[in-house]
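Please open the structure in your viewer and keep the selection panel at hand. We will go from one selection to the next, and at each stop you can compare the text with what is on your screen.

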Amino acid sequence: MPKVVTLPGDGIGPEVTAAAVQVLREVAPDVSIEEHAIGGIAYDTHGDPFPQVTRDALQGADAVLLGTVGGAQDSVWNTLPRAMRPESGLLALRKALGCYANLRPVRVQPGLEHLSPLKAELARGVDILIVRELLGGVYFDGDRKIDGSVAYNTMRYTTPEVERVARVAFWAAEQRKGRVTSVDKANVLEVSELWRRDVTALRDREYRSIHLNHEYVDSVAMLIVSDPSRYDVIVTENLFGDILSDLAAVIPGSLGLMPSASLGDGAGLFEPIHGSAPDIAGKGIANPAAAIMSAGMLLRHGLKRPDAANQIDRAVALALRQQPTRDLGGTADTASFTRAVLDALETSPAVG
């Protein structure tokens with residue numbers, strides 16, 4: 001029996017995670033689900049934002065569904081030593097799972113094009129998957145220093161690091177339109193020359209059916225908002241991926257529509273990208289769409305159940321058209337939107 005560990009966390013995390021679990025149970029009733037603490041609530045109850053009991057639970061998990069962590073700016077949690085703050089628990093979680101590939105889908109839902117800052121004709125039909133390398137590059141290299149008036153960080157990648165994230169992108173493209181754009185800055189950076197060489201070599205060896213092209217990051221930053229439909233799967237290193245994925249996140253029009261997955265050699269981590277929104281926590285008005293779609297990504301990438309994932313995607317799209325939440329200009333609250341998704345699922349049988 002597959003095991004999923006849920007980590008609802010703080011703020012609106014418990015509310016949107018509960019909604020996602022309702023939907024997950026509907027389409028995958030055989031999955032074992034157990035809940036544990038992370039973030040601020042974990043510190044309050046265990047004295048650690050990533051307590052040992054949670055670490056132990058992850059050992060046998062097939063996938064992890066995360067809510068949100070953190071509190072308001074004036075939260076007492078922000079006065080704690082850095083290692084005890086909620087965000088440190090999240091970083092420790094990602095490290096423990098060894099997640100090296102972050103998947104960020106950017107999809108404009110049909111009928112919601114008006115929410116996008118782009119013109120409707122540009123936003124319509126946008127469906128991009130950004131695959132970002134998550135454990136390497138300039139953020140993680142140990143060769144860094146501030147020395148008086150001089151500071152430096154080093155961007156470093158190895159062939160195995162490039163290949164493992166590129167393999168995720170090629171695999172994802174096989175499930176989609178079969179096109180991968182690899183993003184680098186090979187005209188000025190040697191590390192990008194290595195990146196381009198290794199991505200190309202992997203495609204030529206193992207994924208010959210995939211159409212691969214290479215683009216510079218500055219060009220992609222322009223084109224992703226001026227001609228987004230040109231992209232299917234984008235794969236890139238950590239720094240470029242951080243910037244491009246946040247830029248692209250504005251295209252659908254609401255962070256409440258943005259799920260994500262982080263994959264590695266063990267259990268994957270699936271979470272909405274929005275924050276903990278402590279100002280609306282407990283009011284029952286949070287948009288659970290991103291959390292529910294994260295459960296869909298869990299089924300697709302974590303449990304390898306694409307049919308069940310497709311069910312969720314279709315049900316969410318229908319619910320968004322019929323009963324949009326308040327942040328999308330509608331009136332639905334957390335419970336009524338979740339009910340709309342469940343009602344939409346009832347039109348087709350559950351997939352085990």
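Begin by selecting β1 (residues 3–9), helix α1 (residues 13–27) and β2, which together make a right-handed β-α-β unit. In this predicted model, strand β1 and strand β2 (residues 32–35) pair in the parallel sense, and four bridges join them. To see one of these bridges, pick T6 and then look across to β2, where its bridge partner is E35.

Next, select helix α9 (residues 238–248) and colour N238, F240, G241, L244, S245 and A248, which are buried. When you turn the view so that you look down the axis of α9, these buried residues fall within an arc of 150°, so they line one face of the helix. An α-helix has 3.6 residues a turn, so residues three or four places apart point the same way. Now show what the buried residues of α9 pack against: the strands β4 (99–107), β5 (127–133), β8 (179–184) and β10 (233–236), together with the helices α7 (190–206) and α8 (217–226).

From here, move to α8, in which the buried residues are V217, V220, L223 and I224. Seen down the axis of α8, they fall within an arc of 120°, so this helix too has its buried residues lined up on one face. Among the elements that cover them are β5, β8, β9 (211–216), β10 and α9.

The following stop concerns aromatic rings, of which the structure holds two pairs. Select Y157 and W195, and ask how their planes are set to each other: edge-to-face or stacked? The ring centres are 5.5 Å apart and the planes stand at 75°, so this pair is edge-to-face. Y157 lies in the loop between β7 (150–153) and α6 (159–174), while W195 belongs to helix α7, so the pair ties together parts that are 38 residues apart in sequence. Y157 is buried, with a relative accessible area of 6%, and W195 also counts as buried, at 2% relative accessibility.

Finally, select T334, which you will find in helix α12 (residues 334–345). Is T334 buried or exposed? With a relative accessible area of 7%, T334 is buried.

Note on methods. Residues are numbered from 1 along each chain as its sequence is written. This is a predicted model: local features need pLDDT of at least 70, side-chain atom pairs count only at pLDDT 80 or more; totals for chains, interfaces and linings use all residues. Side-chain values use heavy atoms; hydrogens and water are left out. Buried means under 20% relative accessible area, exposed over 50%, partly exposed in between (1.4 Å probe, protein chains only). Helices (H or I, at least four residues) and strands (E, at least two) are DSSP runs, numbered from the N terminus. The arc is that of the directions from the helix axis to the C-beta atoms. Contact means heavy atoms within 4.5 Å. Two strands pair if DSSP finds at least two bridges between them. A crossover is right-handed if, with the strands pointing away from the viewer, the path from the first strand over the helix to the second runs clockwise. Rings of Phe, Tyr and Trp (its six-membered ring) pair if their centres lie within 6.5 Å; planes under 30 degrees apart count as stacked, over 60 as edge-to-face and the rest as tilted.
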